[in-house]
Amino acid sequence: KERGKERGKERGKERGKERGKERGKERGKERGKERGKERGKERGKERGKERGKERGKERGKERGKERGKERGKERGKERGKERGKERGKERGKERGKERGKERGKERGKERGKERGKERGKERGKERK
């Protein structure tokens, strides 16, 4: 009887040990799984952050490019306007000069004619 009791006790102990071991194993597995999940989550978060950063950078670059283009266009326009103005001024000056020359010529001609007339008159008088 005593021996049977002892054996039963021993067996129970062994079984308990085994069960404990198994439970420990299971718990370890579960914990590992959870940790893995968490790590994955964190990594995903980080990757997302990085991607967002990169995208932002790219967008900024693009915007900068566009702005630069626009500014260049505007500057070009302004320069063109200025050049046009200058050219117009120059042309006006030239035209004015030409007109002046022409007028001078005409006046000279008229004066010459007048003088010729006067001389003719004078000569006519002298002959009489």
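Biologist: How many helices and strands does the protein have?

Modeller: This is a predicted model, and in it the protein has one helix and zero strands. Its radius of gyration is 55 Å, well over the 14 Å that the globule rule gives for 128 residues, so the protein is more spread out than a compact globule.

Biologist: What box do the C-alpha atoms fill?

Modeller: Taken along the principal axes, it is roughly 190 × 5 × 5 Å. Helix α1 covers residues 2–127, which is 126 residues. From first C-alpha to last it reaches 186 Å, close to the 188 Å expected at 1.5 Å a residue.

Biologist: And how should I think about the way side chains point along a helix?

Modeller: An α-helix has 3.6 residues a turn, so residues three or four places apart point the same way.

Biologist: How many residues of α1 are buried?

Modeller: Buried means under 20% relative accessible area. The number for α1 is zero, so this helix lies largely in the open.

Biologist: Could we look at a single residue?

Modeller: Take Arg 91, which lies in helix α1. Its relative accessibility is 52%, so Arg 91 counts as exposed. Arg 115 is 24 residues from Arg 91 in sequence and 36 Å from it in space, C-alpha to C-alpha.

Biologist: How many positive and negative side chains are there?

Modeller: There are 65 positive and 32 negative ones, and the centres of the two sets lie 1 Å apart.

Note on methods. Residues numbered from 1 in each chain as written. Predicted model: local features only at pLDDT ≥ 70, side-chain atom pairs only at ≥ 80, totals over all residues. Heavy atoms only, no water. Helix = DSSP H or I, 4+ residues; strand = E, 2+ residues; numbered from the N terminus. Rg over C-alpha atoms; globule rule 2.2 N^0.38 Å. Lys, Arg positive; Asp, Glu negative; His and termini not counted. Charge placed at Lys NZ, Arg CZ, Asp CG, Glu CD. Expected span 1.5 Å × (residues − 1). Buried < 20%, exposed > 50% of the residue type's maximum accessible area, 1.4 Å probe, protein only.
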